[in-house]
Amino acid sequence: MMRHIISILIENESGALSRVAGLFSARGYNIESLTVAPTEDPSLSRMTLVTRGSEDIIAQITKQLNKLIDVVKLIDLADSPHIERELMMVKIKTTEQTRNDIRSVVDIFRGRILDVTPSSYVVEMTGSSEKLDAFTAAINHDTIIEVVRSGATGISRGEKGLHL
């Protein structure tokens, strides 16, 4: 089951997101992550959806998505070179003894400490899902208070792009 990042230009109106989600749930397909935000054109939103499936399943998904009236255009970023990023914020318990070690790990992963209290750090990290997973694995699991992740978003490399 290969991972696919499907980028969709969709009309920016109520109900569009629920129709896409409904298409997946009605067919028993899983959405691993979903991000949606307006584009430079206020009438359109860009939806980035991560799912897994065989080539046949992904072909079926894209055909069904293209049939939805709200969908203007879509591409599967897995089909071409692309840049993928995800944002994660992690709240970590700290002590006098652990602060320097945690700061070192944050630096190695090129993260930023956004908030410092006497007993915690909030760390911001961006990168591929694998990088974010590696960061949380490098931190003692018992010290992680909370993790918030945005889900993947992506863009094609070069001049090719998803636009009208």
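Trainee: How many bridges join β5 and β8?
Mentor: This is a predicted model, where local features need pLDDT of at least 70, side-chain atom pairs need 80 or more, and totals for chains, interfaces and linings use all residues. Residues are numbered from 1 along each chain as its sequence is written, and side-chain values use heavy atoms, without hydrogens or water. Strands (DSSP E runs of at least two residues) and helices (H or I, at least four) are numbered from the N terminus, and strands pair if DSSP finds at least two bridges between them. β5 and β8 run antiparallel, and their bridges number five.

Trainee: Which residue of β8 is the bridge partner of Met88?
Mentor: β8 covers residues 144–149. Met88's partner there is Arg149.

Trainee: Over how many bridges do β5 and β9 pair?
Mentor: β9 takes in residues 153–156. Arg85 sits opposite its Thr153. The pairing is antiparallel, with bridges numbering four.

Trainee: Within what arc do the buried residues of α3 fall?
Mentor: Arg99, Ile102, Val105 and Val106 are buried in α3 (under 20% relative accessible area; exposed is over 50%, partly exposed in between, with a 1.4 Å probe and protein chains only). They line one face of the helix because, judged by directions from the axis to the C-beta atoms, they fall within an arc of 130°.

Trainee: Which residues are exposed on the other side of α3?
Mentor: The buried face packs against β5, β6, β7 and α4, contact being heavy atoms within 4.5 Å. Exposed on the other side are Asn100, Asp101, Asp107 and Ile108.
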